[in-house]
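Please open the structure in your viewer and follow the selections below in order. Each stop names what to select and what is to be found there.

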Amino acid sequence: MIDTNKETIISKQGIYLVAIFTLGTSIILSGVPIAKQDIWLSLLIAFFSFIPLVFIYSKILSFFPGKNLFEILEICFGKIVGKILSSLYVSYFFFLGALVIRDITEFIQVASLRLTPQYFSGLMIILVGVYNVRSGFQVTGRLANFAFNFILFLLTIIFAASITKLDFTNLLPVLYRGWSPIIENSIILFAFPFGDIVIFLALFNNLKDQKKTSKVLFTGISISALLLLLNFIRSIAILGFPMAANVYFPVYYANTFLRFDNILENMGIFSAIILLLSGLGKYITCLFAACIGLKHIFNSKNYKSYALPVGFLTLITSQLLFSSTMELMDHVKVYPYQVIPLQVPLPLIILIFSWRKSRKYRKS
Amino acid sequence: MFVLTNSLDENIAFFKSTFSGDETFLTREFQSQNGSRFCLLYMDGMADLSIIANTIIMPILQMEKHTVINDMNILSTQIVSSGELKKSKEPMTLIDSIIRGDAVLLTEGVAEALIISCKGFKTRSIQEPEIEKTIRGPREGFTESLITNLSLIRRKLETKDLKFKYKTLGTKSRTKACICYIEGRADEKILEEVNKRIDSIEIDGLFGVKFIHDLTDDSPKSIFEMTGETEKPDVLAAKLLEGRIGILLDGTPTAMTFPFIFIENFQTGEDYYTNYYSASIRRITRILGFIVATSFPAIYLALVTYHKEALPPPFILSILSARQGVPFLSVVELLLLFFSFEILTEAGSRTPGYIGQSLGIVGALILGTAAVEARIVSAPMIIVVGISSVSSLMLPSIRSQIVILRLFYIIGAAVFGIYGVFLSMTVTLIHLFSLKSYGVLYMSTINSLYSKDLKDTYFRGPKWFIKRKRSGGEK
Amino acid sequence: MKKASLLISILILLLFLSGCWDYKEINDVSLTRAITIDWEEETKEYIVCIQLINLKGMGKGVELNPQIIEGRGKTIVDALKNIIAITAKSSYWGHLTMIIIGQDIANKGLDDLLDWIARSPEVQLTINILLSTEKTAKEILTRGNQIKMVVMTEYGMIKAFRYISKMPNITANKVINHVQRKDLYAVIPTIKIVEMDGESFTEIAGSAYFKNGKLAGVLSSIDTMKFIFIINEIEGGILTIPTGERNSYVTLDIFRSSTKTKIDFPEDDIQITVNIKPIVNISEIDGFEDYTNKKGRKVLKEMADSYLEKEIEGFIEEVQKSPGIDIFNFGNKIKKTHPRVWKKINKDWEEIFKELKVVVNSDIKIKSSRHISKPIGVDTE
């Protein structure tokens, strides 16, 4: 009951945090669906191919309970190489945060507030993110708990309202274009959102019960994967092709078809709210990871003082990254090649080194 | 420093000079049958004269001739028939007691005095508190007399585990405070913390329990309060049973409880005296009312100005026709109306009796209708403000916080649409989730600090469902 | 305290920032529910008319005062923006429910219109696009009764679709999907003016079909009903079955109907079977035959089934002859259920369609005969 620690979170909150993170901006944005109506197959493939990595990540954490990614890197590779690798990861999380902000503000500008400059929207969001980071990780856990329940509530309403509008023949014919676009699309989905889970290596040393890491990660990802799957299928069923392939935000457009007679004309707002909350959750996680990483690289006392500067930098970066919506969407195709090295091979190497080092570590 | 001497006159002279300028200080000299001189010192209006007459003066006057007074023993054990008496040699204590309404008895040849309890000042009788009315259940409320209040509590919890601890606060006001708790229920660490904080209070005068709150607050910058208040002994007794600690101050009919968690704002004493279903519905209504009171105006504003496509077409027509000719922006209308409502409420609470109550309602109706006719505001806006304000009246303990939150959300909506509303809500949530009251999470959903009592937060559990006590505290 | 006052002053400043960007009161936008688009060949301009929902008066005596505003431009968006010059209010398409196009645009092609609908964040994809069978689309607005139009456009014709099925309930979304894919054909409802009682009303009935986004033909309202049967979009309506004796009919009221199209390949040939299963009530019996007793119901069912089958098969044959376009999108069905076959035949589909054998099977279920059983004309003595 009486708890003075501001950083630990319990398993349930961890699961919700992972779930919100995975939903992230993918709940509205699906990038460019190369696989057209078979995109749900790509999602399934991406999900199942990612599962082994969940166990790799939790194994790494289990070798050094209570230590986060940056500390593990230094233990395994020594101070200098460790710090270099940590910087790599910190910049990855940093750019991920900027990307998330850009996704959210792009959506806001395209779909609702056309005249509001993206700097302003972004500023509002990062300020909330910075406030959260300064309040500690435990607050994030509790917030994730609350927000995810709310998102589930909205999603239930949306799904219930969609039932009459679904036309599953829009999903046919399956595999008309063969497997190659599906595989191509699944690589994209593997890297974003699933691959980004690597970020939790930096944060889950704060999980109260260190033995439950894999369970938390796995449950969180599964819940989100299921929701994303249902959402993709739903938007294709409602919109049909080629409409669903041409719009930037198919799920949002699908939601505009739904209404409560005489109460709510157009449920697009629900998508907007969900995107805001889950995108904010993803951004906050990125900010945390980046700040904690910086703390370890520079051996500072406290990561909280990094929050505001890093926040501002992500805002500026988010605007500088792309000069138009089209560039943002094109980048989706390139993204996997930029980040998969940090998500797959590097953690494998870390795993091998951790295994060796942990034997020495435990002896000492 | 003055020390009591054997000489009665010297002693009397000391007291007279201490209280010089104060004409309510009275001295009564009298002699017993064998010629011993006595003197009674007391404060006019504070001491009860009939008690003095019957329990002090009469027995002494009727004392047998042969009784010799060398010290206060015989007097205190055999003669003075008052219920409570103490011996003291300390001048400061004696002065204190006289100020508090006790009588001090001095006699020739003894360098000690007797303090006899005979407080007879008038206090308000036990009445139903104005702001915590119940329809069913006990109506007793605390009064300004500390000792009466403690007795009211004692009658609710007739157990030996109920402990009262006195503290004196305020250098000039010397107000008596009392910490009460149930041993074994209240957490040791919290008790320690409470004692520490109260002992460190440095202030010259304390007249309300909220003073203590302000001086010991966990999060002074937060708009939310970390302590609860109640004027009813049964509510306080229930909270004590749940492991909380109460503090009462002499001169205030309000008791303060801590630790305090957010969910307590939605509970009233009444809930325990009505049946399970109606109490649960009322509690849910209060929580929904909180949400409506804070967010409804903001969401309405966001929909009407930023996200019009979400509104049903007939509704758009209604708003369009209602806003014909209204010069102000919707935001401005909202803020104006809320401000006027606050003025009316405040004016209503200062005006006496029935006028005050009607002022609120009639004022709102008439002014509102007139404003719509004058086309300063639009009718839908009045409905929005009305619903929101009435909902906030449901929750008196967080009324001021609701007003602040509401304003915050409206600004969020005006600046950034529905995104602004939800971002500001997230900010309040972040703030709430990081608050702690004496180490307990403010947003804890477990109401009782004594973890057996769980089923009583969102729904008021039926009594057979709330598992009852087991002695031995839990950490 | 300093921090708090800083925060509060920032909040208040934020308030003054509002109104700078997207904050728009309802009174500041031009609300419209129906727009018409025409194309003028001589000037190569688009003519767009909006029905502006305006209010007259203030306070208690507010009245609806819809006005028609016209804008011209080289492109649709150009024409729409020029309207702002007249209304002095910013445009708002969030509550647009109907777009009425003229035949000239239909002949020119729907691409730009659909592009605008898809690209604009405000235009909902659930709106209806209608073709005006009058000379221009503008006439629908100018000749029709304004206030009645405003009321009617509140939800488009969505609710009316449920009662009679003489026009297809197709949302812009489907039209876009069908036009974008060259192998699909789009069908939209048609609208015209009728004069009644000295006043003009708009009537939405019948449909028009498009090939490659260009107008290819018009169907009457009766034919449209047959069309709707085939594509499984019937939600209500009536069937009038001639009984064969001296001009009397039995009227069946459709409660629900489902159509399943089956595709078979007997001997390398394609056969399409359309199975229609309407559930009906008898709503009016004209004449002296009792169709409500057991024998009568059997007779009625056979009559109705054969009537329906004959009519619909006849309709399909007509369409196969002229214009010879697969407006029923049978091809798409084949693609969905037998993609490999489709890959082989899709290049020749137009030719194949003209010779296609389509069999219609109808299986009517008569649920009830409303309040009375025997018709009034039957002698029960």
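Begin with chain B and chain C together: between them they bury about 2,700 Å², of which 69% lies on carbon and sulfur atoms. Buried area here is the accessible area (1.4 Å probe) that two parts lose on being put together, summed over both. To show the whole contact (heavy atoms within 4.5 Å), select 28 residues from chain B and 27 residues from chain C.

This is a predicted model, in which local features need pLDDT of at least 70 and side-chain atom pairs count only at pLDDT 80 or more, while totals for chains, interfaces and linings use all residues. Residues are numbered from 1 along each chain as its sequence is written, chains are lettered from A and ligands numbered from 1 in the order in which they are written, and side-chain values use heavy atoms, with hydrogens and water left out.

Viewed along the principal axes, the C-alpha atoms of chain B fill a box of roughly 105 × 55 × 40 Å.

Finally, colour chain B by burial: of its 475 residues, 52% are buried, meaning under 20% relative accessible area (1.4 Å probe, protein chains only).

How values were computed: Buried < 20%, exposed > 50% of the residue type's maximum accessible area, 1.4 Å probe, protein only.
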